[in-house]
Amino acid sequence: MNLSAIKAALPSSPAFVIDRDALLANLRALEALKKHSDVRVLYSIKSLPLSRVLQEAKPYVDGFSVSSLFEARLAQEALSKPGSVHLTTPGLRPDQIDALSTQCSHISFNSLGQFRRFAPALGDKVSSGLRINPKLSGLNDVRFDPCRPHSKLGVPIEDLASLESWQGIAGLHLHNSFAATGYTTLTETLQKVEDCLSDRLKQLEWINLGGGYLYGGIADQRPFIDAVRRLRSRYGVQAYIEPGKAVVGNAGHLISTVLDVFESDGKTVAVLDTSVNHHPEVFEYQRRPDLAEAAPDGSYPAILAGCTCLAGDLFGEYRFAAPLAIGDKVVFKHVGAYSLIKANRFNGCNLPDIYIAAGGGLECVKQFSYEEFRNQWSCDRDLPENAKENAAITV
Ligand SMILES: *Cc1c(COP(=O)(O)O)cnc(C)c1O
């Protein structure tokens, strides 16, 4: 289903629409990589833990990668039988170790201190590893560079190299890339890992190469396949990857309706029925999401504004071939990852309805209700007296 057909058929707004064909194409690209390199693939559910996405991914992946106990439970529930759930987090809590040991098959500890404190308690139920900081990344923005100075993420690679005993360490985990469209960072990182750790890698069972690559969109897969095969043939190590954005990024769209249009200091402002709170990275990283209707040479620029009270709740200025009108729909494309999961109901603006577009049809799979908003913010279970009467209001 193409975007204009989706827009025309959409019964409600704002809407978060998952394009099932795009999702399956991404999963098939990962399946092909598995076939050619024997890598194992985990879906990093933090990018979009929607049950439908987990179910679609399940036949194509070897398990899930998670960042917390809640995600670990969700991942286990999505797998019909106990399966591969790999966790890494800087925030491992002593009171959750027992529960995590029943939910996770692999845990990569973020520091040597945590490894020493918690790994012995896991026994052999869980395969223990260490997240390492390879002190090298392809990222030049410290806000999301795991290898930034004074990083909180992973054991510095030189500390691991000088560690006398690797006893109890079954694997290593690294993640130092984001949305990469080539494998340069990966090959450079693995070169550095080999240079620093050399034959000690033979003591490992697995190495998790993290996420951060848009696998399906990379033309030359050779460097990846060679790297994964080399880890196996030279060191006997099984490689894993844990993509998030490569699974759902280009498969999700945020569709919104123009509520108002006016001039402000000589520029056109169009207020939408969504806000940056439905895609907080627009504000966090000052990103400007791709807009399906934008025409780079169009003569009608407009600032697309969110509907909340925040003056800076703006998606940015886009150009259009024709003036935007009240009631028009606009589509922020390729926002499947890290948008809905970070979305909130600031100002009481509801979360978007969720649709799956598949085979020419649109299925509404979730609508958030007023009751969910009220439950989130009510401190006791007693409903106010008038809540029952208000229940009749359905929008
Ligand atoms: C976020 C994250 C991923 C997934 O990253 P993508 O960029 O979405 O592929 C994988 N592993 C770790 C440790 C992460 O923090």
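Predicted model: local features only at pLDDT ≥ 70, side-chain atom pairs only at ≥ 80, totals over all residues.
Two rings of Phe, Tyr or Trp count as a pair here if their centres lie within 6.5 Å.

**View 1. Ring pairs link four residues into a cluster.** The members are Tyr 183, Tyr 213, Tyr 215 and Phe 224. Zoom in on Tyr 213 and Tyr 215: their centres sit 5.9 Å apart with 45° between the planes, which makes this aromatic pair tilted. Tyr 213 has a relative accessible area of 2%, so it is buried. Tyr 215 also comes out at 2% relative accessibility and therefore counts as buried. As for the overall tally, the pairing rule gives twelve aromatic pairs.

**View 2. Tyr 43 and Phe 64 make an edge-to-face pair.** Here the ring centres are 6.4 Å apart and the planes meet at 70°; planes over 60 degrees apart count as edge-to-face, so that is the label this pair gets. Tyr 43 belongs to strand β2 (residues 40-44) and Phe 64 to strand β3 (residues 63-66).

**View 3. Helices α2 and α9 pack against each other.** Helix α2 covers residues 20-37 and helix α9 covers residues 222-235; their axes are 9 Å apart, at an angle of about 45°. That makes α2 and α9 oblique to each other, and the crossing of α2 past α9 is right-handed. On the α2 side the contact uses Leu 33, His 36 and Ser 37, while α9 brings Phe 224, Ile 225, Val 228 and Arg 229. Sorted by type, the residues of this contact are four nonpolar, two polar and one charged.

**View 4. A cis peptide bond joins Ser 13 to Pro 14.** Omega is near 0° for this bond. Pro 14 lies in the loop between α1 (3-9) and β1 (15-19).

**View 5. Lys 135 and His 150 have positive phi values.** Most residues other than glycine have a negative phi. Lys 135 has phi near 55°, and His 150 has about 60°. Lys 135 is in the loop between β6 (127-133) and β7 (155-156), and His 150 is likewise found between β6 and β7. On accessibility, Lys 135 is partly exposed at 39%, whereas His 150 is exposed at 81%.

Terms used
Residues numbered from 1 in each chain as written. Heavy atoms only, no water. Axes fitted to C-alpha atoms, helices over the stretch in contact; angles between N-to-C directions. Helix = DSSP H or I, 4+ residues; strand = E, 2+ residues; numbered from the N terminus. Parallel < 35°, antiparallel > 145°, perpendicular 65-115°, else oblique. Left-handed = near helix turned anticlockwise from the far one by under 90°. Contact = heavy atoms within 4.5 Å. Nonpolar A, V, L, I, M, F, W, Y, C, P; charged D, E, K, R; others polar. Phe/Tyr/Trp six-rings, centres within 6.5 Å; stacked < 30°, edge-to-face > 60°. Buried < 20%, exposed > 50% of the residue type's maximum accessible area, 1.4 Å probe, protein only.
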